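Here is a short report for a first look at this protein. Keep the sequence and the 3D view open while you read.

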Amino acid sequence: MTEVPASPWRLRDFRLLFAAGVLSHLGGNVGYVAVPLLAVTVLDAGPGQAGVLAALSTAAFLLIGLPAGAWVDRLPARRVLVAADAARAVLFASVPVAWWLDRLSLPQLYVVLLLGGCATVFFDVGSQSVLPELVGRERLVPANAAIVGLMAGATVAGRGAGGFLVQLCTAPSAVAGGAAAYLASAVGLTRIRRRDGPLRRPAARRLRTEVAEGLRHVLGSRELRALALTAALGNLGAQMVNVMLPVLFTRELGLPAGALGIYWAAGGLGLLLGAAAARRLAARVGHGRAPALAGLWCAPAGLGVALVGNGPWLWTAGVCWLVVTAKTGIDNVLGVSLRQRLTPDALLGRMNATFRFLLTGAVAVGSALAGLLGQTLGVRAAIWTGAVCLAAAFLPVFCSPLRTLRALPPAPAPSCRTTTTEEVIPG
């Protein structure tokens with residue numbers, strides 16, 4: 001019997017997935033900073049239009065998030081990832097081209113972000129679904145810690161670089177750099193050798209039936225339901241704050257784009273610290289108790305995020321933001337590992353899609369709500385509303401059975417991925 005590698009880093013395909021993820025997340029985070037700054041500084045977008053841009057970037061999770069999980073369960077995951085990154089590269093490359101031709105407009109940004117969000121749906125669901133196949137379920141915690149660390153590092157580098165690229169080379173050039181990173185990621189993913197395992201081909205089933213199975217699996221479990229609600233509430237609050245920050249920094253506080261990039265990069269540093277601490281914290285207090293207690297300890301920092309201003313208040317809010325994102329890093333490592341351990345192989349795509357639908361759907365709602373509140377009550381009102389959501393986000397997990405869970409639950413019985421004979425083209 002072949003010995004299973006002790007670490008996911010010994011697996012070539014995991015290293016390739018990780019490297020491609022570095023480039024993909026780097027491109028996404030550069031665009032996260034560059035696109036709203038482009039809209040505000042070049043196209044003179046206001047708070048309401050900034051909210052629409054942010055909402056469209058995540059609206060795809062509400063529109064196709066649930067069926068995407070069923071499609072991913074039917075498709076070769078590697079091809080899904082390659083197609084998603086290639087599509088995002090083309091879409092975001094169109095922005096600097098239009099700017100150079102003096103044809104750039106807000107409607108084009110709306111279309112790019114909406115279609116780019118559709119590609120992101122498939123990439124996110126596919127990457128989380130393929131991970132257990134590449135590393136084995138017994139190594140999900142260290143593998144997820146590496147992935148969350150990757151996301152944090154990409155946030156620090158991408159958002160910091162995005163702010164300075166906008167400041168030094170203009171926002172369209174920064175968007176072009178993000179498109180190049182997506183293209184490089186797609187090329188790297190084609191080198192993954194391992195293919196999906198043997199496929200079981202039952203009689204064709206209705207898409208609605210398969211989507212409903214994923215919803216029942218998540219919402220019918222007290223543990224999974226609590227993880228989803230806590231993450232959704234946290235995403236809602238964080239997005240309400242983040243949507244208003246470009247307007248607050250550039251118009252009310254008079255700060256340069258680089259300052260916003262550094263502020264957002266501090267959030268990436270918090271994710272990195274939280275991901276690094278997650279395994280030790282889980283070993284000390286338990287895999288379920290760790291996110292519950294971390295949420296309680298970090299709740300006051302959620303309110304402190306709303307104190308952002310000039311001088312020492314900028315540093316105070318930055319430290320609070322770092323604490324909030326550190327808690328998110330802990331949740332991402334332990335929460336995703338719990339989700340994967342509680343879900344059989346055949347439901348991984350639909351489980352991940354259901355979570356993405358709820359979590360990123362909350363981001364879309366937060367974007368629209370922030371734009372509405374910012375336009376009617378002011379930027380500060382939107383930021384304070386988001387901060388209250390951040391402070392209260394831990395409650396669903398804290399009030400669930402996870403608060404007493406110390407060890408990871410046993411892995412479900414292995415099962416084959418399902419497919420049907422119909423052909424589906426992602427994106």
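On a 1 Å grid over the protein atoms alone, a pocket is an open set of points where a 1.4 Å probe fits, with protein on both sides within 12 Å along at least five of seven lines; lining residues have an atom within 4 Å of a point. Grid points are joined across faces, edges and corners, and a volume is the space filled by probe spheres set on the points. The second largest pocket holds about 230 Å³ of space. Its lining consists of Ala-259, Ile-262, Tyr-263, Ala-266, Leu-314, Trp-315, Gly-318 and Val-319. Two or more of the lining residues come from each of α10 (257–285) and α12 (312–341). Helices here are DSSP runs (H or I, at least four residues), numbered from the N terminus.

## About the model

This is a predicted model, in which local features need pLDDT of at least 70 and side-chain atom pairs count only at pLDDT 80 or more, while totals for chains, interfaces and linings use all residues. Residues are numbered from 1 along each chain as its sequence is written, and side-chain values use heavy atoms, with hydrogens and water left out.

## Salt bridges

How many salt bridges does the structure hold? There are 4 salt bridges, each a side-chain nitrogen of Lys or Arg within 4 Å of a carboxyl oxygen of Asp or Glu. One of them joins Glu-213 to Arg-350, with the closest N and O atoms 2.7 Å apart. This pair links distant parts of the chain: Glu-213 sits in helix α8 (residues 207–219), Arg-350 in helix α13 (residues 348–376), and 137 residues separate them. Arg-350 is buried because its relative accessibility is 3%. Glu-213, at 23%, is partly exposed. The cut-offs are under 20% relative accessible area for buried, over 50% for exposed, and partly exposed in between (1.4 Å probe, protein chains only).

Two other bridges each stay within one helix. Asp-85 and Arg-88 meet at 2.6 Å, N to O. They are 3 residues apart in helix α4, so about one helical turn separates them. Both Asp-85 and Arg-88 are buried. Lys-327 and Asp-331 also form a salt bridge, with the closest N and O atoms 2.6 Å apart. They lie 4 residues apart in helix α12, so the separation is again about one helical turn. Lys-327 is buried, and so is Asp-331.

## Two loop residues with positive phi

Most residues other than glycine have a negative phi. Asp-44 has a positive phi of about 60° although it is not a glycine. Asp-44 lies in the loop between α1 (12–41) and α2 (47–63). With a relative accessible area of 58%, Asp-44 is exposed.

Asp-102 also has a positive phi of about 60° and is not a glycine. Its place is the loop between α4 and α5 (106–135). Asp-102 is exposed, at 70% relative accessible area.

## Cysteines and a chain contact

Which are the cysteines Cys-298 and Cys-320: buried or exposed? Cys-298 is buried because its relative accessibility is 18%. Cys-320 is buried too, at 15%. The structure holds 0 disulfides, a disulfide being a pair of cysteine sulfur atoms within 2.5 Å.

Leu-395 lies in helix α15 (residues 395–398). Leu-395 is partly exposed, at 39% relative accessible area.
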